Amino acid sequence: MIETFYIKTYGCAMNYADANSVRNLLKKYNLKELKNWQKADIVILVTCSIRQQAEDKVSGWGIKAQKSQFEDKTVVVTGCMAQRYDRKTDLTSKKYQNQLLDRFPWIDYIINIKDIKQLPKILNLGNKELVENSNIFYDESNIYQGLFSTSYGCNNFCSYCIVPYARGKLVNYPKEEILNDIKEFVKNGGKLITLLGQNVNSWKQEDETFTDLLKEVESIEGEFWINFLSSHPRDFSDELIELITTHDKFLKHCNIAVQSGSDRILEMMNRQYKAQRFIEICKKIKEKSPQFRITTDAIVGFPTESEEDFNKTLALLKECDIEMVYIGKYSPREGTTASKLEDNVPLKIKKQREKKLRDAVNEIRSKKHSNLVGKEIPILMISPSRGISYYSHEVITEKKYEPGHIYNLEVKDYSRSGLKC
Ligand code: SAM
Ligand code: SF4
Ligand code: F3S
């Protein structure tokens with residue numbers, strides 16, 4: 001008898017949104033979610049392939065869990081490690097899935113996340129009427145914060161990246177579907193809407209742009225905040241800058257992925273913009289909204305990256321006042337065009353460059369955080385003593401407040417990861 005499940009999620013926000021749709025699906029079949037995998041009847045791993053390290057975490061999990069512990073449970077693997085698309089045919093590779101099963105004998109089922117609605121049938125959970133055309137990506141038990149996927153897959157083919165093969169072709173979800181899910185969320189008390197996409201700002205539908213979509217989200221009645229991730233510099237338009245810097249419902253924070261400050265490396269990465277483009281976007285944003293927080297993603301040690309290339313990345317992050325950076329040490333992914341190049345920056349150098357970037361950005365962040373001490377900023381409370389600021393800082397509070405409400409609170413102190421109010 002299957003009664004309980006456990007979900008372990010790896011990787012990016014899109015995976016967390018996918019995990020929410022699995023969670024909500026299984027709850028409809030009256031299964032109970034457990035925090036402890038050992039006691040669960042079904043274990044679902046929502047996996048990530050972005051770097052070798054991400055895949056190693058999943059193999060590590062399999063090794064840690066002893067064989068005997070698998071005997072009374074069903075292990076389902078989904079997410080980016082579970083599928084590879086042949087981009088010519090847009091079909092998933094069975095051969096790849098079989099290799100995975102050979103590698104990890106503890107897996108019972110490998111399911112493409114797009115087919116996850118088949119899971120109840122595969123597990124014999126019985127029949128239920130399900131609303132077929134709506135994916136609930138937010139966690140129905142976390143009513144204040146909602147993740148909303150606006151697209152699936154990617155067609156950009158940055159030379160280092162596995163995503164176009166792991167998630168397949170870009171599909172933009174229809175505007176009406178996205179808006180309906182958000183309206184439902186707001187009606188139920190939702191307060192923070194996060195729109196998601198590999199290049200969220202590249203969303204389009206006929207002649208409507210991402211800025212048009214945002215305007216419609218904004219016009220939904222109610223008190224709530226909006227943010228979105230992750231953005232691609234190529235498609236970060238002036239209209240988008242104008243909207244998010246001047247309208248109150250938008251959090252004053254954006255993650256715009258730059259990857260490198262060297263035009264030579266950006267070209268090899270097939271990023272389709274120059275470093276100057278990113279610098280100009282940041283300048284325009286800060287001109288209109290000086291407190292706006294900008295965070296980014298960067299890769300260190302891409303093949304042939306010299307000290308000079310790296311220093312350009314370092315200088316760019318400083319020039320743009322970047323407060324946080326997700327750093328990836330370059331990891332060759334089989335099937336991508338960059339994987340044909342020699343991975344010729346030694347790990348030791350990658351680690352040094354990672355540390356240099358991190359130290360520089362930590363310094364910027366500390367300065368910014370310390371400047372906020374003594375000032376009042378709006379905080380949306382998610383739980384009695386945990387919230388999110390209007391600039392997307394994580395906040396912990398000394399006193400207790402009512403979740404789902406926005407308070408103007410004085411910043412008392414700060415840490416690496418956030419603010420104390
Ligand atoms: N679509 C977004 C973009 O264009 O930046 C995010 C893509 S990916 C899910 C998240 C981050 O992983 C990337 O921004 C990049 O910095 C990093 N990444 C992707 N492939 C990588 C690789 N092969 N090695 C190291 N880091 C990688
Ligand atoms: Fe990967 Fe580039 Fe697509 Fe981002 S835009 S998901 S880095 S291929
Ligand atoms: Fe990983 Fe897939 Fe996201 S590879 S980073 S989970 S899109």
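Visitor: So how do H12 and H13 run relative to each other, roughly parallel or roughly antiparallel?
Guide: H12 and H13 are roughly parallel to each other, a label for angles under 35 degrees, while over 145 would be roughly antiparallel, 65 to 115 roughly perpendicular and the rest oblique. Before going further: this is a predicted model, where local features need pLDDT of at least 70, side-chain atom pairs count only at pLDDT 80 or more, and totals for chains, interfaces and linings use all residues. Side-chain values use heavy atoms, without hydrogens and water, residues are numbered from 1 along each chain as its sequence is written, and chains are lettered from A and ligands numbered from 1 in the order in which they are written.

Visitor: Fine. What's the angle between H12 and H13, and how far apart are the axes?
Guide: The angle is about 15°, and the axes of H12 and H13 (residues 347–372) are 10 Å apart. Axes here are lines fitted to C-alpha atoms, for helices over the stretch in contact, and angles run from 0 to 180 degrees between N-to-C directions. Helices are DSSP runs of H or I with at least four residues, strands are E runs of at least two, and both are numbered from the N terminus.

Visitor: Which residues of H12 and H13 meet?
Guide: From H12, Glu307, Phe310, Thr313, Leu314, Leu317 and Lys318 meet Arg353, Lys356, Leu357, Ala360, Val361 and Ile364 of H13, with contact meaning heavy atoms within 4.5 Å. The residues of that contact split into seven nonpolar, one polar and four charged. For those classes, Ala, Val, Leu, Ile, Met, Phe, Trp, Tyr, Cys and Pro are nonpolar, Asp, Glu, Lys and Arg are charged, and the others, Gly among them, are polar.

Visitor: And H9 with H11, what angle do they pack at?
Guide: H9 and H11 (residues 275–288) pack at about 30°, with their axes 10 Å apart, and are therefore roughly parallel to each other. Asp238, Ile241, Glu242 and Thr245 of H9 meet Ile281, Lys284, Ile285 and Lys288 of H11. That contact has three nonpolar, one polar and four charged residues.

Visitor: New topic: what surrounds ligand 2?
Guide: Its shell is Cys154, Asn156, Phe157, Cys158, Tyr160, Cys161, Val163, Pro164, Gln198, Asn199 and Arg271, each with a heavy atom within 4 Å of the ligand. By class, the shell around ligand 2 has seven nonpolar, three polar and one charged.

Visitor: Take Pro164, is that buried or exposed?
Guide: Pro164 is buried, at 1% relative accessibility; buried means under 20% relative accessible area, exposed over 50%, and partly exposed in between, using a 1.4 Å probe and protein chains only. Pro164 sits in helix H6 (residues 163–166). Leaving aside neighbours within four places in sequence, Pro164 touches Arg87, Cys154 and Phe157.

Visitor: What about phi, what does Asn124 have?
Guide: Asn124 has a positive phi of about 60°, although it is not a glycine. Asn124 is in the loop between helix H5 (119–122) and strand E8 (145–149), and counts as exposed at 68% relative accessibility.

Visitor: And where is Asp321?
Guide: Asp321 is in the loop between helix H12 (307–319) and strand E15 (324–329). Asp321 also has a positive phi of about 60° without being a glycine, and is partly exposed, at 29% relative accessible area.
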